[in-house]
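Biologist: Please go through the contact between the two chains with me, and say what each term rests on.

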Amino acid sequence: MFGRVKDAMADATETLRRAFTGLKVTQVTPEPFLSKSHGSVALAVEQRPGLEPPVTMRREMSLLKEAVQGQTLQPFPCHLMQEAGWAKWGAEAEVLHMTPLEKGRAARITVPPLPRKARVLGRVEPPLRPSVRRIADPVQAPAARRLDPDLGEGCAVEGQEAMLSLAVPIRAEDIQRLPKGLWMRYSLQMVRGTGENVRNLEVMGLFRLPRKGVADLRHDPAQGRILVRLEAAAIKSPRAPFILARRKDDGTLLSCFVEDP
Amino acid sequence: MAEPIKLAYFMAVKEGASYLGGLLVTDTSGIPLDFRYTEPITPTRLQSILYGKSLEPHLKEEVIQKTLLKELKTAPDLFIISVTELAGGWSGDAKYPVLAVQKSQESPLAKVGETFRAGPRELLLQLTDGSAPLRVVFAASVDAITQEQAVLKLLEAGYHMDLVEPMERVAAALQSLVVKDS
């Protein structure tokens, strides 16, 4: 059994081999596969009307409201025309009888005068010129105003009273620079004026003060000066040497004016 | 007898929108002989615009100073103004030697009366023993000879008084007047 099948398979194989032997083989270059997408047209739904029933339309005929009267053709008139002039010209001459002038039948004719100036027609009229009008009211000049930038003069005020209210510092003179004789004279006057022993006095300074008008006096030991408050009388008062001293035993301040020689 | 020396101290200040000035004349002891001040001058807005930066110098030098000097009965020997005013280019009246005095921090000079010239318009002047010398600055209009004469007068006055102090008094007086007016 298997032998028959095997023979049948061999026969079939041989048959196929013979059938395809000698076939021309053509090598075809395969085209690249290109995927082409084709868009599909969307299905459209077309609406179609169905069968329509016959419609009966009612129409009215309008009558002519304005009648037009037509004219009938008129018959063309014919006239018989004669022309005898040419015939007379060539055939006969017409005799003109001149009426002789009769007296009293003449009429006087007045000849109208010729116009003195020929009238020109068709002249182009000149264009109208604009009329010049004068404005009676001229533009007014602006009014100039003067703002004086001058600062003027200040007003001076006498202020001596205000100045005298302030303390005036008076510096002590250097006693060492005074002539010795003069200082001895001053010392003597100081002893007489204060009644104090000269050995018990320590001189604080010699000042030049107005004889009058000293309202207040304070000693400024730190700067070796005195502060005086003056009155108006002090301005014209003569200056005089003023000695300020301190008592050594109790520290009391003593002062006196001394006389210049 | 020589005429006593008179020192004029001038100061102009600005208080708010107003300007006022004072002139104090003292003797060599510092005692006030005369003091005058001007009423406050308030420039208008238009004047401020028209004068611009020259407003203040003009007011101080031309208006206030001249008004006060006109009122003086006797001419001062020295016209003393503040150092600040002088540094600002003072160009006021040159009839009197214009100068400024200021306390210095310099070492004392060898002796009283000695000067050390720091510049053509500036010098140090020793007034008292042991103290710092006084700085003196002259205005540009003061020549060398006038400077020398002014130094002698300063020496004489400085022996009796503090030459710087009266300017403080003028400032204090002006301040009190402003407060009184307001």
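Modeller: Across the interface of chain B and chain A, the rule finds 1 salt bridge. This is a predicted model, in which local features need pLDDT of at least 70 and side-chain atom pairs count only at pLDDT 80 or more, while totals for chains, interfaces and linings use all residues. Residues are numbered from 1 along each chain as its sequence is written, chains are lettered from A and ligands numbered from 1 in the order in which they are written, and side-chain values use heavy atoms, with hydrogens and water left out.

Biologist: What makes Asp27(B) and Arg239(A) a salt bridge?

Modeller: The term asks for a side-chain nitrogen of Lys or Arg within 4 Å of a carboxyl oxygen of Asp or Glu. The side chains of Asp27(B) and Arg239(A) meet at 2.6 Å, N to O, so the pair qualifies under that cut-off.

Biologist: How many residues of each chain are in contact?

Modeller: Contact means heavy atoms within 4.5 Å. By that rule 41 residues of chain B are in contact with 31 residues of chain A.

Biologist: What is the area buried between chain B and chain A?

Modeller: About 3000 Å², with carbon and sulfur atoms giving 61% of it. Buried area is the accessible area (1.4 Å probe) that two parts lose on being put together, summed over both. Of the area that chain B buries against chain A, 20% is supplied by Ile31(B), Pro32(B) and Tyr159(B), more than any other three residues.

Biologist: How do you know that S1 of chain A and S3(B) pair?

Modeller: Strands are DSSP runs of E, at least two residues, and helices are runs of H or I, at least four, numbered from the N terminus. Two strands pair if DSSP finds at least two bridges between them. Strand S1 (residues 156–158) of chain A and S3(B) have 3 bridges, in the antiparallel sense, so they count as a pair. Within S3(B), Tyr37(B) stands opposite Val157(A).

Biologist: Why is one side of S1 of chain A left without a neighbour in the sheet?

Modeller: The open sheet has 9 strands in the order S1(A)-S3(B)-S2(B)-S1(B)-S4(B)-S5(B)-S8(B)-S7(B)-S6(B), with mixed pairing. S1 of chain A and strand S6 (115–119) of chain B stand at the edges, each with a single partner strand, so one side of each has no neighbour there.
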